[in-house]
Amino acid sequence: MAVTAIPVSRPRKAVAGGGALARRRRKTFWPFLLPALVIYAVFFIGPALASLWISFHKWDGVGEMEPRGLQNYEILFSDDTFLAAFGNTLLILVVVGVATFAVSFGLTMVLRDMRGKRFVRAVLFFPYIISPLVLSVLWGFLFRTPEGLVNSAWAALTGGTGVNWLGDHLFGVIMIGLIWVNTGFYTTVIMAGVDRIPPDLYEDCALAGATAWQRFRHVTLPLSWDVVATAAVIWTISSLKIFEFIYAFGGNTNDMPTVTVWNSALFVYGATFGGRTPQYQFGYASASAVVTLAVITVLVVLLRRLLRREAVAF
């Protein structure tokens, strides 16, 4: 006897909004979310809108604002110092970011089956929790000319006088330092994603004779992709805010670092309190901050779209 399937209509309330239980859950959700939204609006959205407004004015931070329209932006895009600082920001974003993630993935593969990996992971993470000012002092001690530890080792091995790191390769040394500082954090984040992967999958790879690269490409990376994508967005945002390490390492007690190592954050500080002539250009500095924020926002959106993948269940 043939059986005819009878379509069952769902309750209207369940289709429309999930019913009374779902509505009560949404009402319970708001008291927990509202304080965070208020703090976010006060400390981020409010200052961002204020910076946008100030960027259309000439203002020294004390007197009356003088409307300038788009003049600050027109001057900004012809300012060689700003263009160089923005270029350094992009170099830090791309070069330091790629190197940091490459080293982090390499360390993750080494530490995954290593005894005492928790201790090693804690050691790697340690520089990230230390003040950037302290790290910059240590980094300066390592690369100081000619008596720094790096040049001393260079002289012992080659008999030469070493390299003038802080004079001829200052920005390169800063980027190496940023890789060192951030590698521990992103190794910890990536390892947290890799630790979720069932060990059986790696055992199957070993039985199939897969190489380390094949295990990484076909197992580790796809199954930790959501963690990697989130870490990439975090790095994109945090690279914009790097300030203390460059300021303390590249400068001294009386001066800002040379403009050749400025990034966007140092440019904003230099145009306001950093002694750049003319000083206290809050409107001009706000315009540079708005441009940088807009570009980074676009990059984050593009990065999210580029890294979007279907979730892999395991």
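**Group meeting: a helical chain, as predicted**

Okay, let's start with residues 82-107: that stretch is 100% helix and 0% strand, with its end C-alpha atoms 36 Å apart. Helices here are DSSP runs of H or I, at least four residues, and strands are runs of E, at least two, numbered from the N terminus.

Keep in mind that this is a predicted model, where local features need pLDDT of at least 70, side-chain atom pairs count only at pLDDT 80 or more, and totals for chains, interfaces and linings use all residues. Residues are numbered from 1 along each chain as its sequence is written, and side-chain values use heavy atoms, with hydrogens and water left out.

UniProt, in an unreviewed entry, lists "transmembrane region" for residues 32-56, 82-107, 119-142, 170-194, 223-249 and 282-303; such annotations may be inferred rather than shown by experiment. Residues 282-303 are also 100% helix, with end C-alpha atoms 31 Å apart.

Now, confidence. pLDDT is the predictor's confidence in each residue, from 0 to 100. The chain's mean is 82, and 90% of residues reach 70 or more. Over residues 1-16 pLDDT stays under 50.

Last, a helix pair. Helix α10 (residues 199-207) and helix α11 (residues 212-223) pack at about 170°, angles running from 0 to 180 degrees between N-to-C directions. So α10 is roughly antiparallel to α11, a label for angles over 145 degrees. L201, Y202 and C205 of α10 meet R215, V219, T220 and L223 of α11, in contact, meaning heavy atoms within 4.5 Å.

Technical notes. Angles under 35 degrees count as roughly parallel, over 145 as roughly antiparallel, 65 to 115 as roughly perpendicular and the rest as oblique.
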